[in-house]
Amino acid sequence: MTISSVTETRRVVYDDGTVRGFVWASVGWGLIGLLVGLVIALQLSFPGLNFDVPWLTFSRLRPLHTNAVIFALVGNMMFAGVYYSTQRLLKVRMASDLLSKVHLWGWQLIILGAALTLPFGITQSKEYAELEWFLDILVALVWVAFAVNFFWTLAIRNEKNLYVSIWFYISTVLTIAVLYIVNNLSLPVTATKSYCVFAGAQDALTQWWYGHNAVAFFLTTPILGIMYYFLPKAADRPVFSYRLSIVHFWALVFIYIWAGPHHLLNTALPDWAQSLGMLFSVMLWMPSWGGMLNGLLTLRGAWDRVRTDPVLKFFVAGVTFYGMATFEGPLLSIKAVSALGHYTDWIIGHVHSGALGWNGFMAAGMFYWLMPRLFGTRLHSTRLADMHFWIGIVGILLYVASMWVSGISQGLMWRAETADGGLQYTDWNEMLNSQQLMYMTRSIGGGLFVVGWLLMIWNLVMTAMSGRPVTVETEVTVTKTAPQPGEPSLWGILTSKPIIISVLGMVAATLFALPSVGAAVVGFVAIFAVVAFAGGMLYRSTHVGKHTWHEMLEARPLAFSVLTLLAVLVGGLFELLPGLIADKAVPLAANGEIAVKPYTALELTGRDLYVREGCYVCHSQMIRPFREEQLRYGDPSRIEESMWDHPFQWGSKRTGPDLARVGAKYDESWHWLHMKRPTDTSPNSVMPAYPWMYGNTADKAIAGDKMRVLRKLGVPYTKEQILGAAADYDRDAAAIVATLASKGITDAAPDKEIIALIAYLRRLGNNLQTVKAASAGGK
């Protein structure tokens with residue numbers, strides 16, 4: 001049979017100016033993010049480094065550090081790799097130079113906005129999603145520009161089939177859009193303040209659906225795409241296994257999206273949702289290590305070059321850290337292990353092994369490979385690059401090992417009991433300060449990583465100065481083949497056996513994940529049936545040696561994107577479903593009223609100040625159902641207690657103790673003294689002081705506006721409460737001032753921020769008895 005085709009040669013001029021812009025942005029912003037991280041690490045050993053300045057406190061700088069590393073260092077590096085590799089893999093220039101520039105400069109504007117808002121307390125207080133509503137809109141617009149440019153480029157490509165790197169880029173572009181928009185849905189109150197639409201357990205599930213998958217689809221999938229392009233290029237070897245890359249991709253994008261609840265193990269979240277997150281998190285180990293092995297085995301026949309090539313050193317170490325982090329993550333997702341490690345420094349070590357080892361080293365390797373090609377020259381100094389590698393790897397190992405020791409020690413000390421059943425360690429600061437050696441080791445490790453980054457900056461700048469920006473022109477041969485009789489249509493591909501089997505597998509896994517025993521049994525049996533049938537297909541495919549169905553899918557970006565989005569949305573829907581129904585069964589008090597009263601105007605103002613100061617960074621508000629936690633803090637937290645919290649404040653780290661029951665533990669005078677000078681009430685505390693709250697006047701005028709917005713979101717404020725917000729605020733503030741005066745504190749003024757914060761702290765935990773009574777009554 002004769003196949004009609006037309007071959008032509010086209011000249012392509014790649015847009016590498018955008019790539020250079022993203023590289024320099026990653027290098028520069030990355031240095032700032034790393035330096036801020038070093039400062040906050042030192043603040044835990046030397047609290048004086050907070051300088052009693054609001055925008056230099058640990059709790060305000062930590063979100064700046066995380067956002068700078070994730071979205072500035074890794075984000076810009078990712079975009080540089082995507083723009084460079086996409087053009088070459090598709091053999092075409094990016095579709096729109098204008099959209100590329102909008103993306104480049106718009107992203108830098110977002111990062112600048114984060115730097116100008118987070119240290120000043122303008123935050124939503126949701127991890128990795130702290131930016132306020134006006135910056136969220138800018139993020140969405142810039143991401144749309146990126147997405148349009150990317151998919152437009154796919155449409156005009158000169159290469160028919162999509163290489164594996166493009167698969168991962170597609171998953172990132174689509175999934176991050178869904179995650180970011182859903183998690184950041186909010187209603188503005190003012191130009192710099194908004195409330196998220198979700199509350200309590202709903203918000204917790206949504207946040208960690210986003211937070212976990214931001215790690216998955218921003219810090220993992222695009223970097224895997226970069227690995228699949230740059231590692232074979234640097235090693236001059238083909239990818240080890242095409243088949244393994246297929247399994248790696250589809251298993252990863254489907255399983256990853258389910259795993260968010262493992263951040264909420266042993267909390268008030270329904271147990272079946274926790275088990276769901278744990279199950280899929282453990283399953284993640286398999287595709288993750290499949291990707292790691294595919295990367296490392298690509299170096300077969302080139303391992304001798306690792307000794308002399310710094311680029312390969314960084315890539316090999318980066319992929320190895322990826323393997324280590326993706327083994328540790330599933331391990332920490334097991335409930336028993338999470339009980340020990342959660343809220344401790346172990347989690348900090350785990351996060352940084354991925355951020356510094358995986359993302360940081362992959363970035364360095366890519367930069368060292370890219371810059372000589374972007375400037376038409378040779379790397380300035382291979383010796384400096386080698387020095388950077390060894391300094392950096394020692395720094396990472398010191399950092400991670402010290403946090404492992406510190407974290408496990410903390411977990412064991414928190415649960416240690418005496419022979420008579422009491423807590424062995426009752427002084428929080430004694431436990432915290434027992435790890436100061438580890439904190440200093442962590443700071444040294446972080447400092448070494450910064451030194452390595454500075455060496456890289458010098459090396460890259462000197463490399464650029466020795467050459468000049470290169471404009472790459474190339475001729476590509478394009479073969480257009482006319483559709484043949486019998487060739488499957490888009491619908492035919494979507495309904496092919498492998499696709500149907502994959503969809504049935506997703507349905508079976510979904511049934512298995514449901515809380516219904518019957519559905520779980522059906523799903524379990526169905527999984528075995530699907531695996532058996534798929535195994536037979538795989539055997540026949542192996543015997544023939546072809547992957548025709550997937551190759552046809554790769555030639556159709558629309559079909560590929562639709563299936564990728566489907567794989568993501570299925571897990572996302574079922575993970576969020578418990579959150580959509582969790583708060584509907586609300587216990588009522590004996591008089592028929594809601595057991596959990598919404599915050600008063602004064603308490604709401606204080607809660608927003610708590611959020612502004614970043615107290616959630618160091619304090620949780622979630623007592624787990626463990627004996628040691630009940631001895632230390634009180635009764636376990638209940639899901640109803642946070643039902644009106646926009647956003648939730650369950651926390652993820654305990655540098656300080658849990659505050660869920662602090663309202664009944666300390667009186668107003670204790671909080672007054674503690675916030676002014678923490679060491680007066682808690683000797684050896686590393687908590688910063690907050691003297692500005694004693695002079696700043698609280699903005700009570702907008703309390704009614706806040707309550708009005710929250711009412712739209714379902715909080716049961718009455719019109720009378722909203723209209724009387726100012727009067728209620730004054731009355732409650734005056735009562736606290738009078739109480740302080742009775743304790744000998746006579747300089748308190750009712751309009752100051754500290755009074756509102758005290759009101760909020762005194763409220764925490766005071767709903768418990770009415771909730772328990774209502775639950776006991778079956779209402």
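The questions and answers below go through a predicted model and set its values against the definitions behind the words.

Because this is a predicted model, local features need pLDDT of at least 70 and side-chain atom pairs count only at pLDDT 80 or more, while totals for chains, interfaces and linings use all residues. Residues are numbered from 1 along each chain as its sequence is written, and side-chain values use heavy atoms, with hydrogens and water left out.

Q: What makes up the chain in terms of helices and strands, and how are these defined?
A: The chain has 31 helices and 4 strands. Both are DSSP runs numbered from the N terminus, a helix being H or I over at least four residues and a strand being E over at least two.

Q: Why is S281 called buried?
A: Buried means under 20% relative accessible area, exposed means over 50%, and partly exposed lies in between, as found with a 1.4 Å probe on protein chains only. S281, which is found in helix α9 (residues 271–283), has a relative accessible area of 1%, so the residue counts as buried. In the chain as a whole, buried residues make up 60% of the 779 residues.

Q: What is S281 in contact with, leaving aside its neighbours within four places in sequence?
A: Contact means heavy atoms within 4.5 Å, and by that rule S281 is in contact with A259, H262, P330 and S333.

Q: What makes Y128 and W208 an aromatic pair, and what kind of pair is it?
A: Rings of Phe, Tyr and Trp (its six-membered ring) pair if their centres lie within 6.5 Å, and planes under 30 degrees apart count as stacked, over 60 as edge-to-face and the rest as tilted. The whole structure holds 52 aromatic pairs. For Y128 and W208 the centres are 6.3 Å apart with 85° between the planes, and the pair is edge-to-face. Y128 lies in the loop between α3 (97–117) and α4 (133–155) and W208 in helix α6 (residues 200–217), so the pair ties together parts that are 80 residues apart in sequence. Y128 is buried at a relative accessible area of 13%, and W208 is buried at 5%.

Q: Why is the pair of F249 and F560 called tilted?
A: Their ring centres are 5.5 Å apart and their planes stand at 35°, so the pair is tilted. F249 belongs to helix α8 (residues 242–256) and F560 to helix α22 (residues 557–581), so that the pair links distant parts of the chain, 311 residues apart. Both F249 and F560 are buried.

Q: How do you know that C615 and C618 are in no disulfide?
A: A disulfide is a pair of cysteine sulfur atoms within 2.5 Å. The sulfur of C618 is 8.4 Å from the closest cysteine sulfur, in C615, which is too far for a bond. By this rule the count comes to 0 disulfides. C615 counts as buried at 12% relative accessibility, and C618 counts as buried at 15%.

Q: Why is helix α25 (residues 668–676) described as largely enclosed by the rest of the structure?
A: Of its 9 residues, 7 are buried, so the helix is largely enclosed. The buried residues of α25 are E668, S669, W670, H671, W672, H674 and M675, and what covers them includes α26 (678–681), α29 (725–742) and α30 (753–763).

Q: What makes the phi values of K91 and Y343 worth a remark?
A: Most residues other than glycine have a negative phi, and most peptide bonds are trans. K91 has a positive phi of about 55° although it is not a glycine, and phi of Y343 is near 75°, also a positive value in a residue other than glycine.
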